[in-house]
Amino acid sequence: MAARRAASSLLSRGLIARPSAASSTGDSAILGAGSARGFLPGALHRFSAAPAAAATAAATEEPIQPPVDVKYTKLLINGNFVDAASGKTFATVDPRTGDVIARVAEGDAEDVNRAVAAARRAFDEGPWPRMTAYERCRVLLRFADLIEQHADEIAALETWDGGKTLEQTTGTEVPMVARYMRYYGGWADKIHGLVVPADGPHHVQVLHEPIGVAGQIIPWNFPLLMFAWKVGPALACGNAVVLKTAEQTPLSALFVASLLHEAGLPDGVLNVVSGFGPTAGATLSSHMGVDKLAFTGSTGTGKIVLELAARSNLKPVTLELGGKSPFIVMDDADVDQAVELAHRALFFNQGQCCCAGSRTFVHERVYDEFVEKARARALQRVVGDPFRTGVEQGPQIDGEQFKKILQYVKSGVDSGATLVAGGDRAGSRGFYIQPTVFADVEDEMKIAQEEIFGPVQSILKFSTVEEVVRRANATPYGLAAGVFTQRLDAANTLARALRVGTVWVNTYDVFDAAVPFGGYKMSGVGREKGVYSLRNYLQTKAVVTPIKDAAWL
């Protein structure tokens, strides 16, 4: 039980502890010197940005053979793994090398139609919404047990396909998936309605009913966790699901979907289609047979999904989208602790996190010390094969994201920010990027405005609470924020003033199953996790019946 509780937050262990020897911030911790490769030396007017030798050597070593076989590459429709109707496949690649891991069935419009038809039959005619809520609970609990039994396989698939470290998938993400499924399994028989008093002789019931067929589109950066965030509440409420995986990371969702059927899920209740956004994703979003849509991904794509849903049958949509989250370090902060927490808030998962603390606002009184120590910590970060013990940062997801991040780095240099660490690729193979830190960043710079989705920390200076609130809120996003201070008054002021869905105070990236998650403004619509996620998959119905000779009203 203790292990399950510990897994309830992604970064719950050691976030506000003092840095270890490996992250020492003294001059002796800086293991390299010289100019950053690939960018203008003249722009580096205060610091050396060369990578630490120990931190980059791992990126040049021969990749480890993953300890897992790929078992599922076909589409899951009506309880069976089947080829795409077109017979087409696409490659899913190893981001460590760019080599093909496997070829996966490429679902398109016809396959989505088949999956929706299967889900509709399962909901309208099948046993899932008609069995007792306790029986649904038991299926989800058995599923959680199977996840734990197959934890090593699932974690290895997630690392191989997505590039995240095995320590992260094994120690945190797979246990969290099991925890989420137990959480939603526990909710299945606790969803109930109300009896409402009326102004007259009427008996009024308020029923909460499953919404029907839910279409769900999950991203590539956390495919396992997003599977749990979406499939868990939908199934607990008695719905049927058609899930589209990201084309970059289809493997883990297919594997765990097979375990759900082993746990006793009836055929057709969960269907998984691997494919591309313009074909499979667009068809699912605009499908007239889908009653509810949930999407996690970029804000730009979220707008398209919302428009397609509106133009079809006006299905309700939950969106969890992009962010440009501020991480605010006040002048009373323990700088060593603040540096470590800000580092993890940004670099976690290779920086590929929608709520990454990508705008590090530091009070002017501690700014210079913070920048020096943030630089030293970045240079100490170990980049390399995510299957290797001790590696902190694996490769970016693919070549497209790799090039995009380096373009943002160049933009930062060109706009006058000071590159103090990193700034180039790590190694010569795969999609590895050096941990990168910019100082002297201004609000109008592209790296401070747009979501980079990579290991690039931008450090900005502020003077007053009023100033940092105004600047932190001056963004179209509003997903999350971090506050680091010892003063309760400052923490309370900032927590209430920041226009975001989550504020972490003296911690970051805590994703407990019961805590709602979602954004303000263009960071999304609705909330996931907790009791709030159940509301996404329920309809509310009022039933009014006249009462004669009522003993009471």
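## Close-up views of a predicted model

**View 1. Helix H7 within the predicted model.** Because 14 of the 14 residues of H7 are buried (under 20% relative accessible area, where over 50% is exposed and in between is partly exposed, with a 1.4 Å probe and protein chains only), the helix is largely enclosed by the rest of the structure. Helices (H or I, at least four residues) and strands (E, at least two) are DSSP runs numbered from the N terminus. Just after H7, Gly-238 adopts a positive phi of about 95°. The structure is a predicted model, in which local features need pLDDT of at least 70 and side-chain atom pairs count only at pLDDT 80 or more, while totals for chains, interfaces and linings use all residues. Residues are numbered from 1 along each chain as its sequence is written, and side-chain values use heavy atoms, with hydrogens and water left out.

View 2. A nonpolar core is a set of buried Ala, Val, Leu, Ile, Met, Phe, Trp, Tyr and Cys residues joined through side-chain atoms within 4.5 Å. The largest such core holds 105 residues, of which Leu-260, Leu-270 and Phe-370 touch the most other members. Helix H7 (residues 223-236) contributes the largest share of this core, ten residues. A second, separate core of 31 residues includes Val-409, Met-445, Ala-448 and Leu-460. In soluble globular proteins, nonpolar side chains tend to be buried together.

**View 3. The surroundings of Phe-370.** Contact means heavy atoms within 4.5 Å. Not counting residues up to four places away in sequence, Phe-370 touches Val-329, Val-335, Ala-338, Val-339, Ala-342, Thr-360, Val-362, Gln-457 and Ile-459.

**View 4. The salt bridge between Glu-62 and Arg-429.** A salt bridge is a side-chain nitrogen of Lys or Arg within 4 Å of a carboxyl oxygen of Asp or Glu; the whole structure contains 31 of them. In this view the side chains of Glu-62 and Arg-429 meet at 3.7 Å, N to O. The pair links distant parts of the chain, 367 residues apart: Glu-62 is in the loop between helix H2 (53-57) and strand S1 (75-77), and Arg-429 is in the loop between strand S14 (418-421) and strand S15 (436-439). Glu-62 is exposed at 59% relative accessibility, whereas Arg-429 is partly exposed at 36%.

View 5. Lys-373 and Asp-336 form a salt bridge whose closest N and O atoms are 2.9 Å apart. Lys-373 lies in helix H12 (residues 367-380) and Asp-336 in helix H11 (residues 335-347), so the pair ties together parts that are 37 residues apart in sequence. Lys-373 is buried, with a relative accessible area of 15%, and Asp-336 is partly exposed at 22%. A further salt bridge joins Glu-392 to Arg-377, with closest N and O atoms 2.7 Å apart. Glu-392 occupies the loop between H12 and helix H13 (399-414), while Arg-377 is in helix H12, 15 residues apart. Glu-392 is partly exposed at 26%, and Arg-377 is buried at 5%. Salt bridges with shared partners join Glu-340, Arg-344, Arg-377, Arg-381 and Glu-392 into one network.

**View 6. His-343 in helix H11.** His-343 lies in helix H11 and is buried, at 1% relative accessibility. Leaving aside neighbours within four places in sequence, His-343 is in contact with Phe-348, Arg-377, Ala-378, Arg-381 and Gln-457.

**View 7. Asn-313 in a loop.** Asn-313 lies between helix H10 (299-311) and strand S11 (317-320) and is partly exposed, at 25% relative accessibility. Apart from neighbours within four places in sequence, Asn-313 is in contact with His-287, Met-288 and Val-290. The side chain of Asn-313 reaches the backbone oxygen of Met-288 at 3.3 Å, and the C-alpha atoms of Asn-313 and Asp-291 are separated by 8.1 Å.

**View 8. Cys-353 and Cys-355.** A disulfide is a pair of cysteine sulfur atoms within 2.5 Å, and the whole structure has zero disulfides. The sulfur of Cys-353 is 3.7 Å from the closest cysteine sulfur, in Cys-355, too far for a bond. Both residues are buried, Cys-353 at 5% relative accessibility and Cys-355 at 1%.

Methods: A polar contact is a pair of N or O atoms within 3.5 Å; within protein, one must be able to donate a hydrogen and the other to accept it, and residues adjacent in sequence count only if both atoms are side-chain atoms.
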